[in-house]
Amino acid sequence: TVCIDESFAGFNTVKEGEQLFTKEGEQTTLLDNSVNFLKEYEIHVEWTTGFCNALKELDILETMQANVTLKNGEKLSLSGLLVVNKDKLKKLTGKQLKDLVEKDYMDMIYAHIQSLANMNSLLGRIPQE
């Protein structure tokens, strides 16, 4: 359901821009695309919530802190990161791993682990001012 809050201060009252409905009351392509985007977004929110809950329930996350020293000697720290602990991942049962594979969660776990290998490269891109 798409709702429109006409009392919103930013609501377009000058009647400029693209229409959401045709003169016959049908949705325009703009509204169709917007509704489809919102549907896809909701699907991904639900999937991501399930993924995060699964990792938490399996207790395979650990906190990580990234530290970098700039060329000028300034030190930066990024804390509060949660990462998959590979040792804990290896200790999961066959059933737990099968469940992760069937839900396509292992794809994301492998992508996450691979992205951690790029952390130093990413930190190296911080502007050195």
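Predicted model: local features only at pLDDT ≥ 70, side-chain atom pairs only at ≥ 80, totals over all residues.
Y105 takes part in an aromatic pair with F51, whose rings are arranged edge-to-face, with 5.3 Å from centre to centre and 65° between the planes. This pair connects distant parts of the chain, since F51 belongs to helix α1 and Y105 to helix α4, 54 residues apart. F51 is likewise classed as buried, because its relative accessibility is 11%.

The structure holds 4 aromatic pairs in total. Another of them joins W47 to Y105, again edge-to-face, at 5.2 Å centre to centre and with 75° between the planes; here W47 in helix α1 and Y105 in helix α4 are separated by 58 residues. W47, at 30% relative accessibility, counts as partly exposed. Through such ring pairs, W47, F51 and Y105 are linked into a cluster.

The contact of α1 with α4 comprises 7 nonpolar residues and 1 polar residue, with no charged residues. On the α1 side it is formed by W47, G50, F51, A54 and L55, which meet Y105, M108 and I109 of α4.

In the segment before α1 (29-58) lies T28, which counts as buried because its relative accessibility is 14%. A polar atom of the T28 side chain lies 2.9 Å from the backbone oxygen of Q19. Leaving aside residues up to four places away in sequence, T28 touches Q19, L20, F21 and T22.

Terms used: Residues numbered from 1 in each chain as written. Heavy atoms only, no water. Helix = DSSP H or I, 4+ residues; strand = E, 2+ residues; numbered from the N terminus. Buried < 20%, exposed > 50% of the residue type's maximum accessible area, 1.4 Å probe, protein only. Polar contact = N/O pair within 3.5 Å; in protein donor to acceptor, adjacent residues only side chain to side chain. Contact = heavy atoms within 4.5 Å. Nonpolar A, V, L, I, M, F, W, Y, C, P; charged D, E, K, R; others polar. Phe/Tyr/Trp six-rings, centres within 6.5 Å; stacked < 30°, edge-to-face > 60°.
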